[in-house]
Amino acid sequence: VDQFARIFSIVGTSFPTFVFGLLVLMLFYGILGWFPPGKMSEWVNQLVLSPEFHRYTKLLTIDALLNGRLDVFWDAIKHMFLPILTLSYISWATFVRVTRSSMLETLRMEYVITARAKGLKEKDVINKHARPNAMIPITTLAGFQVVSLLGGVVITETVFNYPGIGQAAAAAAQQLDVVTVLGFAIFNGLILIIANLVVDILYATIDPRVRLS
């Protein structure tokens, strides 16, 4: 299991996002034809623009459920699968690599050796002594991952032709749209502040040595 996790993380962190995205696009769309690129199919686009489809939230999956159109919902999910797979694999590969390194370092600590010497079960040593301390760098990394994901992923959106906030910000920068670029920067800054606040709170929850005052 450890070697599999190591290979999983090394492959994931070595792949550039656009390379892995093109590979899964070639496999799942070009060869298998399961998950198409883009944001929606042409018939869904025509339906969404018609008066019979009500746009309550501007989010296609939620609006499809509110309109009772499971076929539109499934079409939206199929178009979301490949971008989600690409971003998830790249992100989780980084998490696995950092988690493995942090856990191996924690297991060599004196308090873990002492817990084992006292005769505690290996399960209790890992869950109660090693894992909480090993989770601290993971929590920090998670905060930055949330910021990067919510801030927009231009490359992934471009590979899968799935327009989002990343493409909008890139287009605004090319067109010298200062207002949109500033709005995007403020949005990123707000997400960064919230993520750091959540990470600080989680520190106190994970590590009993940390206290908020």
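**Figure 1. Helix α5 in the lining of the largest pocket.** In this predicted model, α5 (70-107) supplies the largest share of the lining of the largest pocket, six residues. Helices here are DSSP runs (H or I, at least four residues), numbered from the N terminus. α4 (60-66), α7 (122-150) and α8 also each supply at least two lining residues. The lining counts 23 residues; Lys39, Met80, Glu157, Tyr162 and Pro163 lie nearest the centre of the pocket. By class, 14 are nonpolar, five polar and four charged. Nonpolar covers Ala, Val, Leu, Ile, Met, Phe, Trp, Tyr, Cys and Pro; charged covers Asp, Glu, Lys and Arg; the others, Gly among them, count as polar. The volume of the largest pocket is about 650 Å³. A pocket is an open set of points on a 1 Å grid over the protein atoms alone, where a 1.4 Å probe fits, with protein on both sides within 12 Å along at least five of seven lines; lining residues have an atom within 4 Å of a point. Volume is the space filled by probe spheres set on the points, which are joined across faces, edges and corners.

**Figure 2. The second largest pocket.** Its volume is about 190 Å³. Among its lining residues are Val1, Asp2, Arg100, Met103 and Arg131. α1 (2-14), α5 and α7 each give two or more residues to this lining. α5 gives the most, with six. The lining has seven nonpolar, one polar and three charged residues.

**Figure 3. The buried side of helix α9.** Which residues of α9 (residues 165-174) are buried? They are Gly166, Ala169 and Ala172. These three cover an arc of only 130° around the axis, which puts them on the same side of α9. The arc is that of the directions from the helix axis to the C-beta atoms. Buried means under 20% relative accessible area (1.4 Å probe, protein chains only). An α-helix has 3.6 residues a turn, so residues three or four places apart point the same way. The buried residues of α9 pack against α8 (154-159) and α10 (178-206), with contact meaning heavy atoms within 4.5 Å. Leu176 follows α9 and has a positive phi, near 60°.

**Notes to all views.** Residues are numbered from 1 along each chain as its sequence is written, and side-chain values use heavy atoms, without hydrogens and water. Local features need pLDDT of at least 70 and side-chain atom pairs count only at pLDDT 80 or more, while totals for chains, interfaces and linings use all residues.

Notes: Buried means under 20% relative accessible area, exposed over 50%, partly exposed in between (1.4 Å probe, protein chains only).
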